[in-house]
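Open the model in your viewer and keep the selection panel at hand. The tour goes stop by stop.

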Amino acid sequence: MAVFQRLFGRRPAPDVTPEVTPASADTPLLLGGVEDLEVVGESNYQAALWQIAGGRRLERVRVPVQAVLLPEQDNPYDANAISVWIFGLKIGYLSRADAAVYRSGLLALQTRHGRRIALSGVVVGGGLRSDGPGMLGVWLSHDPRDFGLVPVVPVVPALQQAMRTGLSEAFATDAADDSYDLSWHDELPDDSAAAIKRLRTLLREVSNPLDRHFMYCELERNLYRSRDVFDSALEQYDEACRQHDAEMEVIRTALFTKFGAVPLLETYTQMSIRQQKAKNWAEALWWARRGISLYGADAARPEAVTDLENRVEAYVRKLERASAQPRTARPAAQHRDPEPVMEILVCHRCGRSFERLRTRGRKPTQCDDCR
């Protein structure tokens, strides 16, 4: 604990005091992978997460970490519970659904290697939001195959060293081709916020489809890497991708005319991945299929099409599984007769008060004696 005091200047809050486990003395086995694994319940461990981040501050946080997965033995709420620990501090859990799927693979890994299992991840969040200071969250990266599972998106061979987006080739022939002018690219500010502003101005002024294509690509790149800098970056990224796609029929014709093939269209791969991370499987499927249709038989890199095709298969499986899961119907609300209520009225003739059972309709103006 003295190490943590030197690093962070204070002890963990009482609600995040780390448990002592038999495996606490060993060095975890760090696994790799590129697929996201969600951590839930971080809102209950904000004190620990801020300690890991080096203390509370107003700026946005992005801290690379290594997180240990520990299957719990006596969790009263979930028999499959898997808690997540960073620097000896509990910071959350795998979701109930993920824990049920990953627990057996995690136990097998621990038995096989005789060590705890760790994954790389990142602590992100914080900053000032419209509703106050932002909370911190955690994303982990992994390879489902390590846990005996099939990846959501199958791994494809590395892309060959061929034309990628076409930008380098377009630069190489820029001087000899007067149909477009990429000089704007070298004049973009290094700061993403300033580059985003400049690219939006250019898109209002420039009509050439090749220029507009590469402007959209740069705009999307700057917006996506700003996702931890300002809150609306991802929403603006999504909108830029939709606007880009709306012009893609014209852009595709220009790309094919220029290169004799359709270069890598990163927008469709990245939007598929983005929707996959959000588990919006129908949206991810749409973007993957749209990319395939634009490539057609003219892709400069056929493996890019293969990647999208693999994604389509994976997303279709996800949607089929979701539709096959029975939904628990809510019990019908039982009708109950209202409790009888007595009310007190005043007779308009004699002035005395009288009681009666409250019912719908006009209230009587006279007591029983005066009627």
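What follows is a list of selections, each with a note on what is there.

**Before you start**

This is a predicted model, in which local features need pLDDT of at least 70 and side-chain atom pairs count only at pLDDT 80 or more, while totals for chains, interfaces and linings use all residues. Residues are numbered from 1 along each chain as its sequence is written, and side-chain values use heavy atoms, with hydrogens and water left out.

**Stop 1: the whole chain**

Show the cartoon. The protein has 12 helices and 11 strands. These are DSSP runs numbered from the N terminus: helices are H or I with at least four residues, strands are E with at least two. Now colour by burial. Of the 371 residues, 44% count as buried. Buried means under 20% relative accessible area, exposed means over 50%, and partly exposed is in between (1.4 Å probe, protein chains only). Contact means heavy atoms within 4.5 Å. Among contacts with a separation of 6 or more, 61% are between residues 24 or more positions apart.

**Stop 2: the nonpolar cores**

A nonpolar core is a set of buried Ala, Val, Leu, Ile, Met, Phe, Trp, Tyr and Cys residues joined through side-chain atoms within 4.5 Å. In soluble globular proteins, nonpolar side chains tend to be buried together.

Select Leu182, Trp184, Leu199, Leu219, Leu265 and Tyr295. Within the largest nonpolar core, which has 42 residues, these six touch the most other members. Helices H4 (167-172), H6 (192-205), H7 (209-225), H8, H9 (248-259), H10, H11 (281-295) and H12 each supply at least two residues of this core. Which helix gives the most to this core? H11 does, with seven residues.

Zoom in on Leu219. Leaving aside neighbours within four places in sequence, Leu219 is in contact with Ile196, Leu199, Arg200, Leu203 and Ala240. Then select Val65, Leu89, Leu109 and Leu140. They are included in a second, separate core of 31 residues.

**Stop 3: H6 against H7**

Select 192-205 and 209-225. H6 and H7 pack at an angle of about 150 degrees, and their axes are 9 Å apart. Axes are lines fitted to C-alpha atoms, for helices over the stretch in contact, and angles run from 0 to 180 degrees between N-to-C directions. The pair is therefore roughly antiparallel. Angles under 35 degrees count as roughly parallel, over 145 as roughly antiparallel, 65 to 115 as roughly perpendicular and the rest as oblique.

The crossing of H6 and H7 is left-handed. That is, the near helix is turned anticlockwise from the far one by less than a right angle; clockwise would be right-handed.

Show side chains. H6 residues in the contact include Ile196, Leu199 and Leu203, and those of H7 include Met215, Leu219 and Leu223. By class, this contact has nine nonpolar, two polar and four charged residues. Ala, Val, Leu, Ile, Met, Phe, Trp, Tyr, Cys and Pro count as nonpolar, Asp, Glu, Lys and Arg as charged, and the others, Gly among them, as polar.

Stay here and pick Ala193, which lies in H6. Ala193 is partly exposed, with a relative accessible area of 49%. Draw a distance to Leu223: the two C-alpha atoms are separated by 8.3 Å, though the residues are 30 apart along the chain.

**Stop 4: H10 and its two partners**

Select 233-246 and 266-277. H8 and H10 pack at about 140 degrees, with axes 11 Å apart. H8 and H10 are therefore oblique to each other. H8 passes H10 in a left-handed crossing. Among the residues in contact are Tyr237 and Cys241 of H8, and Met271 and Arg274 of H10. The contact of H8 with H10 has five nonpolar, four polar and three charged residues.

The axes of H10 and H12 come within 11 Å and cross at roughly 25 degrees. That makes H10 roughly parallel to H12. This crossing is left-handed too. Tyr268, Thr269, Ser272, Ile273 and Gln276 of H10 meet Asp307, Leu308, Arg311 and Tyr315 of H12. These residues divide into four nonpolar, three polar and two charged.

**Stop 5: two positive phi values**

Select Lys279, in the loop between H10 and H11. Its phi is near 60 degrees, a positive value in a residue other than glycine. Lys279 is partly exposed, at 44% relative accessible area.

Finish at Phe87, in the loop between strand E4 (82-86) and strand E5 (89-94). Phe87 has a positive phi of about 55 degrees although it is not a glycine. Phe87 is partly exposed, with a relative accessible area of 45%.
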